[in-house]
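Subject: Structure handover

Hello,

Here is the structure you asked about, followed by notes on what turned up in it. Please read the notes with the model open.

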Amino acid sequence: MHFSAAVFDMDGLLLDSEQVSYDTFSHACSELGLAFKEQVYLSCIGTNAEQIKKTICEGYGEGLDYPRLRDCWLDKYHALAVDQALPIKQGVVDLLQWLTSQGVPLAVATSSGKPTAEAKLGNADLLHFFESVSTGCQVNNSKPHPEIFLKAAKSLNIDASKCLAFEDSENGVRAAVAAGMQVYQIPDLIQPSDELKRLGHKVRDSLSEVLLELK
């Protein structure tokens with residue numbers, strides 16, 4: 001593989017945060033007397049705040065007090081995932097250290113908001129690896145649109161076609177492929193569908209496996 005830079009998603013890829021998000025959304029629904037619509041929730045993975053709102057409101061229909069649900073969910077999530085350090089996924093530090101040692105510039109492309117993203121990466125002592133952090137609040141279009149990956153590539157002054165992209169979610173993979181990047185998917189909560197696999201990206205079990213391959 002020939003590449004000049006690498007762009008990483010954050011939640012579910014660098015940080016073991018997706019299960020926390022899933023659980024806290026489920027608990028918020030229970031607390032508010034709402035059904036936990038799993039497929040609605042799973043469709044939100046990898047998308048930014050505006051797209052999450054749209055997906056949940058459409059999935060739950062009229063009568064949903066979305067601000068109340070959002071606030072309940074985020075209060076629970078932030079207590080576990082922002083106010084304290086999250087576990088780092090397998091192979092993350094070794095891969096970041098190796099890429100850095102090879103002089104490869106690194107960026108983050110996450111659908112989270114910027115203060116939240118920087119807090120989570122800082123708590124995990126990962127922020128210093130990255131030259132830039134592009135976030136969901138800085139783009140007009142959520143993943144699976146490629147805008148955030150194109151923004152991350154531009155921040156590094158590297159053409160998107162010369163970037164490796166690392167993702168866990170379907171929405172993220174579609175965004176990175178559409179940006180023209182060379183894509184690795186490390187699935188987290190959801191395994192890739194046959195349809196997604198037809199995009200031709202690489203699917204691996206962990207970033208440790210990716211590191212061995214790149215070396």
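Trp 73 touches Ser 21, Thr 24, Phe 25, Ala 28, Tyr 41, Ile 52 and Ile 56, leaving aside residues up to four places away in sequence. Please keep in mind that this is a predicted model. Trp 73 belongs to helix 4, and its relative accessibility is 7%, so it counts as buried, the cut-off being under 20%. Between the C-alpha atoms of Trp 73 and Asp 23 there are 9.4 Å in space, against 50 residues in sequence.

Trp 73 takes part in two helix contacts, one with helix 1 and one with helix 3.

Helix 1 and helix 4

Helix 1 covers residues 18–31, and its axis comes within 8 Å of that of helix 4, with a crossing angle of roughly 140 degrees. The two helices are therefore oblique to each other, since only angles over 145 degrees would count as roughly antiparallel. The crossing of helix 1 with helix 4 is right-handed. On the helix 1 side the contact is made by Val 20, Ser 21, Thr 24, Phe 25, His 27, Ala 28, Cys 29 and Glu 31; on the helix 4 side it is made by Leu 69, Cys 72, Trp 73, Lys 76, Tyr 77, Leu 80 and Ala 81. Sorted by class, this contact has 10 nonpolar, 3 polar and 2 charged residues.

Helix 3 and helix 4

Helix 3 spans residues 49–60; its axis and that of helix 4 are 11 Å apart, and the angle between them is about 120 degrees. This pair is therefore oblique as well, and helix 3 also passes helix 4 in a right-handed crossing. From helix 3, Ile 52, Lys 53, Ile 56 and Cys 57 meet Tyr 66, Leu 69 and Trp 73 of helix 4. The residues of this contact are 6 nonpolar, no polar and 1 charged. Leu 69 and Trp 73 are named in the contact with helix 3 and in the contact with helix 1.

The nonpolar cores

The largest nonpolar core has 52 residues, and those touching the most other members are Phe 8, Leu 14, Ile 56, Leu 106, Leu 126, Phe 130 and Phe 166. Helix 4, residues 66–81, supplies the largest share of this core, with 6 residues. Ile 56 from that list is also one of the residues that Trp 73 touches.

Leu 14 has contacts with Phe 8, Asp 9, Pro 87, Ile 88, Lys 89, Val 92, Val 108, Leu 121, Leu 126 and Phe 130, again without residues up to four places away in sequence. There is also a second, separate core of 20 residues, with Ala 5, Val 7, Ala 109 and Ala 153 among them.

Val 93 sits in helix 5, residues 92–101, and is partly exposed, its relative accessible area being 29%. With residues up to four places away in sequence left out, Val 93 touches Ile 88 and Leu 126.

Leu 207 is in turn part of a helix pair. Helix 10 runs over residues 207–214, and the axes of helix 5 and helix 10 come within 8 Å and cross at roughly 30 degrees. These two helices are therefore roughly parallel to each other, the limit for that being under 35 degrees. Their crossing is left-handed. Val 92, Asp 94, Leu 95 and Trp 98 of helix 5 make the contact with Leu 207, Leu 211 and Leu 214 of helix 10. By class, the residues here are 6 nonpolar, no polar and 1 charged.

Backbone points to check by eye

The peptide bond between Lys 143 and Pro 144 is cis, with omega at about 20 degrees. Pro 144 lies in the loop between strand 3 (132–135) and helix 7 (147–155).

Asp 125 is not a glycine, yet its phi is positive, at about 60 degrees. Asp 125 lies in the loop between helix 6 (114–123) and strand 3 and is exposed, with a relative accessible area of 54%. Asn 157, also not a glycine, has a positive phi of about 60 degrees too. Asn 157 is placed in the loop between helix 7 and strand 4 (163–167), and at 69% relative accessibility it counts as exposed.

Regards

How values were computed:
Residues are numbered from 1 along each chain as its sequence is written. This is a predicted model: local features need pLDDT of at least 70, side-chain atom pairs count only at pLDDT 80 or more; totals for chains, interfaces and linings use all residues. Side-chain values use heavy atoms; hydrogens and water are left out. A nonpolar core is a set of buried Ala, Val, Leu, Ile, Met, Phe, Trp, Tyr and Cys residues joined through side-chain atoms within 4.5 Å. Buried means under 20% relative accessible area, exposed over 50%, partly exposed in between (1.4 Å probe, protein chains only). Helices (H or I, at least four residues) and strands (E, at least two) are DSSP runs, numbered from the N terminus. Contact means heavy atoms within 4.5 Å. Axes are lines fitted to C-alpha atoms, for helices over the stretch in contact, and angles run from 0 to 180 degrees between N-to-C directions. Angles under 35 degrees count as roughly parallel, over 145 as roughly antiparallel, 65 to 115 as roughly perpendicular and the rest as oblique. A crossing is left-handed if the near helix is turned anticlockwise from the far one by less than a right angle, and right-handed if clockwise. Ala, Val, Leu, Ile, Met, Phe, Trp, Tyr, Cys and Pro count as nonpolar, Asp, Glu, Lys and Arg as charged, and the others, Gly among them, as polar.
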